[in-house]
Amino acid sequence: MPGWKTVVNPQCGIAFDVPVDWAVKSSGWVTYVGENGDPEETPLVGFAAPAILNEKWCRSDDDDNGTQEDTPLASVGSRAEPDARGTAEAAR
């Protein structure tokens, strides 16, 4: 896409484009999304080689430990699903 940046995950052979204002992280960078309110922060989904929109969109101390954490507005990335038996299962 003209004017966009390409995000590449060489381990998975995946590449996709994001708008220019997204921050592209290195291919070795990993992040995850957890359930709101989960004190253990158990990952619901993890992904590598992400791009992030507005990394410091929201700052809060949800666990009341005295440390402010930043939450981005949006994140995208890639992950391998080698055991998936089809596209629908990989997406799930």
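Author: Helices (H or I, at least four residues) and strands (E, at least two) are DSSP runs, numbered from the N terminus. This is a predicted model, where local features need pLDDT of at least 70, side-chain atom pairs count only at pLDDT 80 or more, and totals for chains, interfaces and linings use all residues. Residues are numbered from 1 along each chain as its sequence is written, and side-chain values use heavy atoms, with hydrogens and water left out.

As for pLDDT (the predictor's confidence in each residue, from 0 to 100), the chain averages 86, and 98% of the residues score at least 70.

Now the patch: Glu 41, Asp 62, Asp 63, Asp 64 and Glu 69 form a negative one. Patch members have over 30% relative accessible area and no salt bridge, like charges being joined within 9 Å and nonpolar side chains (Val, Leu, Ile, Met, Phe, Trp, Tyr) within 5 Å. A salt bridge here is a side-chain nitrogen of Lys or Arg within 4 Å of a carboxyl oxygen of Asp or Glu. Asp and Glu count as negative, Lys and Arg as positive, while His and the chain ends are not counted.

Zoom in on Asp 62, in the loop between β6 (58-60) and β7 (69-71). Its relative accessible area is 66%, so Asp 62 is exposed (over 50%; buried is under 20%, partly exposed in between, with a 1.4 Å probe and protein chains only). Over in strand β7 sits Asp 70, partly exposed because its relative accessible area is 31%.

Terms used
Accessible areas come from the Shrake-Rupley method with a 1.4 Å probe; for residues, only the protein chains shown count as cover. The place of a charge is taken as NZ of Lys, CZ of Arg, CG of Asp or CD of Glu.
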